[in-house]
Amino acid sequence: MEYVIGIDLGTSSVKALLVNREGKVCGEASESYPLITPKSGYSEQDPEEWVEKSLLALRKLAHESGIEAASVKGISFSGQMHGLVLLDDNHRVLRNAILWNDTRTTKQCREIEEKLGEQLLSVTRNPALEGFTLPKILWVQQNEPELFAKASVFLLPKDYLRYRLTGELGMDYSDAAGTLMLDVAGRRWSPEVLEAFGLDESFCPKLVASTECVGTLLPEMAVQSGLTADVKVFGGGADNACGATGAGILGPGETLCSIGTSGVILSYEENASADYEGKVHFFNHAEPDAFYAMGVTLAAGSSLSWFRDTFAPGSSFDELLAGAATVPAGADGLLFTPYLSGERTPHADSAIRGSFIGMDLRHKKEHFARAVVEGITFSLRESIEILRGAGKQVDTIVSIGGGARSELWLQMQADIFNAEVVRLESEQGPAMGAAMLAAAGLSWFSSLKECAGQFIAKAASYKPSEDQVKLYNDLYPLYKEVYDSTQALNRKLEPFRS
């Protein structure tokens, strides 16, 4: 038997997934690592933690599965997007990585807009947001100039991990699209953007395809991982591109809802010139010569985690959702907006904060739990409405992540989105997408689409209820009003936040 391994380098942990040629998951291992938050709005990690914990996960996977090391033929990666890793001339890390959910770069975003103007959207296809990589580069350039002077190249998180495993620098197109420095349609580093900010193209790594073989494991890394030095290593992709791949979103008309720490609505796009006017992200897909449009809710699953940890410590998510199921749709007039970390789509607003609206003496814990889940789902609907407004037909949505593990939440998605929602038989998220990239890179399949036919199966579907759709259609405009009503107030409260 031959295997591939998909490694998903997430924000809080790394997951290694062992998959055979039939698409069966034969083992998995994960290891967590901490966030570093030296100031409010700062979010960093030590890149060496990614390497150490990934190697540990690979050793555990090899040991616990009991396979022969030589039977693993390929490895590929999924990774948290946008995070800035700076390397010196000797390719050593200069500082902690600045992550996607770091919000210190509002000033730099405004500078990018001012300098590039309309060229920003026409070339990079995305607005300047705090999460992207270029604002982070400018922040280091302006605030840590002596350190920045030593920087010779930048990488993203999974690309640093791949470099440490293989000794080869590179970045795939789907992850590079989130740097705000890629000519997305032209599939090259943008000379216009680099010149505008005095950056040389040598500062950017070589671009590679997601299924491209970039090398093999370094001998010392093979020993530390429990694998062999001849296992082939492939480019990999951004976590959302890999999540889409692992859910079979590989053709026109296919749409994904992924609810993890953040929430994502992602729709396949084959047209390089598709214009969403910057209202949603437009990135290169892991599928060759394809793209995807994507809206993001920054605090999706993390809103539910926050609620549980703050108001229901000791409760499981299953218990919270079981309680929410006893409450009617609309949570008896209680609304929640999930802006705990600011928001991205449709409001590119790092200062907005969440709220409960409509509380009264009848409301119990289960009402609040239901309102939180509904608020997260309303936020994701805003991205779907942008796609529909641009002419895309969104009738069927594949749901993955935390939102796919609850019958209540799956049906709620169908009712709020007014679309059929599909749950997969074995939902492994971006790690499965990474494994598929390795399988396709090894030519086990002629295409990712063919690989998906073998690796992915649908388990159940949830169709919208006419009555619930009507109720949520009435409630949705009220949900949208909350942002406009509280935006100014949230800014006035900013000085009072420590």
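1. E31 is buried in this predicted model. Its relative accessible area is 16%, under the 20% cut-off for that class. K60 is partly exposed, at 28%. E31 and K60 form a salt bridge, with the closest N and O atoms 2.9 Å apart. The pair links strand β3 to helix α1, 29 residues apart.

2. R95 forms a salt bridge with E144, at 2.8 Å between the closest N and O atoms. R95 sits in the loop between β6 and β7, E144 in the loop between α4 and α5. They are 49 residues apart. R95 is buried at 13%; E144 is partly exposed at 21%. Both belong to a salt-bridge network that also includes E44, D102 and R104.

3. R491 and D349 meet in a salt bridge of 3.0 Å, N to O. R491 lies in helix α17 and D349 in the loop between β20 and β21, so the pair ties together parts 142 residues apart in sequence. D349 is buried at 3%, whereas R491 is partly exposed at 40%. The structure holds 28 salt bridges.

4. Look next at the open sheet of seven strands, ordered β18-β19-β17-β16-β22-β23-β24 with mixed pairing. β18 and β24 are the edge strands. Neighbouring strands are turned by 30 degrees on average, direction ignored. β16 and β22 run parallel, joined by five bridges. I259 stands opposite G401 in β22.

5. Helix α14 packs on this sheet and touches β16, β17, β22, β23 and β24. Its direction makes about 150 degrees with that of β23.

6. L489, L493 and F496 form a nonpolar surface patch, with about 340 Å² of accessible area together. F496 is in the segment after α17 and is exposed, at 70%.

Definitions and conventions:
Residues are numbered from 1 along each chain as its sequence is written. This is a predicted model: local features need pLDDT of at least 70, side-chain atom pairs count only at pLDDT 80 or more; totals for chains, interfaces and linings use all residues. Side-chain values use heavy atoms; hydrogens and water are left out. Two strands pair if DSSP finds at least two bridges between them. Helices (H or I, at least four residues) and strands (E, at least two) are DSSP runs, numbered from the N terminus. Axes are lines fitted to C-alpha atoms, for helices over the stretch in contact, and angles run from 0 to 180 degrees between N-to-C directions. Contact means heavy atoms within 4.5 Å. Patches are made of residues with over 30% relative accessible area and no salt bridge: like charges are joined within 9 Å, nonpolar side chains (Val, Leu, Ile, Met, Phe, Trp, Tyr) within 5 Å. Accessible areas come from the Shrake-Rupley method with a 1.4 Å probe; for residues, only the protein chains shown count as cover. A salt bridge is a side-chain nitrogen of Lys or Arg within 4 Å of a carboxyl oxygen of Asp or Glu. Buried means under 20% relative accessible area, exposed over 50%, partly exposed in between (1.4 Å probe, protein chains only).
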